[in-house]
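Here is a short briefing for a reader meeting this structure for the first time. Please look over the sequence and the model, then read on.

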Amino acid sequence: MNEFASQTNAEDYFLDECYRCAPEIVEISGKVIENNLARIPKKIKSMAPAGGEVKHARYDEMEDQFEALDGWIKEIRAERPGQTIGILARTNRGLDDVEAMLRVGEYKYRRIGGKSIWDTQGAGLLLGLAELATFRTHIEAPNAANALAWAQVPQGTVAEYRQHIIDRGLFAGLPGRLADDSRVSGLHEQMAIWAGMIIDGMEGPALNCIAAWVTDHARTAVDSKTAWIAAKALKGNPSSKATLAQRIRSVAMGSGKADESDPDVIDIATMHGAKG
């Protein structure tokens with residue numbers, strides 16, 4: 001806009017009155033963007049009536065953000081029962097963090113705009129492998145097959161490995177043909193390591209290792225990013241007593257879809273998406 005004005009000698013005319021948002025939102029939004037580079041200076045004022053409360057924070061670590069969000073939600077619901085809650089993020093990447101944390105924390109939410117992080121290949125694969133390494137039963141065997149198919153292993157080999165896990169279990173040695181395929185033997189060895197780490201209580205490092213495997217085989221940068229977000233979210237709120245198994249089940253069984261009329265549903269959106 002600055003370049004356009006300079007090239008055309010255009011006169012600036014500021015639309016600085018907002019009729020959509022309450023003063024509390026306008027004030028916080030202004031503070032968020034006031035230090036943006038190459039921004040045309042302007043002061044927006046709200047013409048809407050005051051109402052509600054806005055909290056703003058930034059955290060470098062996802063675990064700290066998780067704990068703060070969980071605390072705020074519980075505080076608001078305790079002090080103002082029945083009041084609806086909304087969470088805004090600057091970008092879809094930031095909103096992915098929020099959604100992942102809410103699903104793991106078993107909160108009901110509605111994502112306005114954008115694709116659910118749990119519907120992406122990276123996060124879905126991370127969840128599936130974490131589920132297999134945690135529960136280690138034949139029910140989760142298809143998750144390993146999905147991982148190998150994602151790594152472009154031939155379908156016949158994938159089916160053979162899946163049946164091997166169902167018949168012999170996760171820790172049994174591989175027969176010759178499967179052992180000769182480095183992609184299969186590599187995942188099989190890693191699965192045993194991840195499972196052992198989880199059994200020994202090293203859940204966080206195990207999730208990091210699974211995310212690293214997904215990254216090594218990722219087809220897009222987005223797959224890698226969503227896998228790491230899912231891994232961090234599954235580590236859970238540091239103050240929560242929920243086990244990894246419980247967190248995985250809450251994510252796997254949740255749909256992210258909620259009744260819009262339910263006051264307990266938390267609306268989440270990017271700042272841009274919330275304009276609509």
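Predicted model: local features only at pLDDT ≥ 70, side-chain atom pairs only at ≥ 80, totals over all residues.

Residues are numbered from 1 along each chain as its sequence is written, and side-chain values use heavy atoms, with hydrogens and water left out.

**Overall picture**

- The chain has 12 helices and five strands. Helices (H or I, at least four residues) and strands (E, at least two) are DSSP runs, numbered from the N terminus.
- The C-alpha trace spans about 75 × 50 × 30 Å along its principal axes.
- Of the 276 residues in the chain, 38% are buried. Buried means under 20% relative accessible area, exposed means over 50%, and partly exposed lies in between (1.4 Å probe, protein chains only).
- Take the contacts between residues at least 6 apart in sequence: 67% of them join residues at least 24 apart. A contact means heavy atoms within 4.5 Å.

**Helix pairs**

- Two packed helices are described by the angle between their axes and the distance between the axes. Axes are lines fitted to C-alpha atoms, for helices over the stretch in contact, and angles run from 0 to 180 degrees between N-to-C directions.
- Helix H10 (residues 203-217) packs against helix H11 (residues 221-234) at an angle of about 170 degrees, and their axes are 9 Å apart. H10 and H11 are therefore roughly antiparallel to each other.
- On the H10 side, this contact is made by Leu207, Asn208, Ala211, Ala212, Val214 and Thr215. H11 brings Asp223, Ser224, Ala227, Trp228, Ala231 and Leu234.
- The axes of helix H5 (residues 121-135) and helix H12 (residues 244-253) cross at roughly 140 degrees and come within 10 Å. H5 and H12 are therefore oblique to each other.
- H5 residues Leu127, Ala130, Glu131, Thr134 and Phe135 meet Leu244, Ala245, Ile248, Arg249, Val251 and Ala252 of H12.

**The three-stranded sheet**

- Three strands form an open sheet in the order E3-E5-E4, with parallel pairing. Two strands pair if DSSP finds at least two bridges between them.
- Strand E3 (85-89) and strand E4 (109-111) stand at the edges with a single partner strand each, so one side of each has no neighbour in the sheet.
- On average, neighbouring strands of this sheet are turned by 20 degrees against each other, direction ignored.
- E4 and strand E5 (residues 266-270) run parallel and are joined by three bridges. Tyr109 has Ile266 in E5 as its bridge partner.
- Helix H3 (residues 62-79) lies across E3 and E5, running at about 155 degrees to E3.
- Helix H4 (residues 92-104) lies across E3, E4 and E5, at about 160 degrees to E5.

**Thr270 in strand E5**

- Thr270 is found in strand E5. Its relative accessible area is 10%, so Thr270 is buried.
- Leaving out residues up to four places away in sequence, Thr270 touches Leu88, Ala89, Arg90, Thr91, Asn92 and Leu95.

**Cysteines**

- How many disulfides are there? The count comes to zero, where a disulfide is a pair of cysteine sulfur atoms within 2.5 Å.
- The closest cysteine sulfur to that of Cys18 is in Cys21, 4.2 Å away, which is too far for a bond.
- Cys18 counts as buried, at 17% relative accessibility. Cys21 counts as partly exposed, at 23%.

**Positive phi in two loops**

- Asn9 is not a glycine, yet has a positive phi near 55 degrees. Asn9 lies in the loop between helix H1 (2-8) and strand E1 (17-18). With a relative accessible area of 70%, Asn9 is exposed.
- Gln152, also not a glycine, has a positive phi of about 65 degrees. Gln152 sits in the loop between helix H6 (141-150) and helix H7 (155-168). At 59% relative accessibility, Gln152 counts as exposed.

Definitions and conventions: Parallel < 35°, antiparallel > 145°, perpendicular 65-115°, else oblique.
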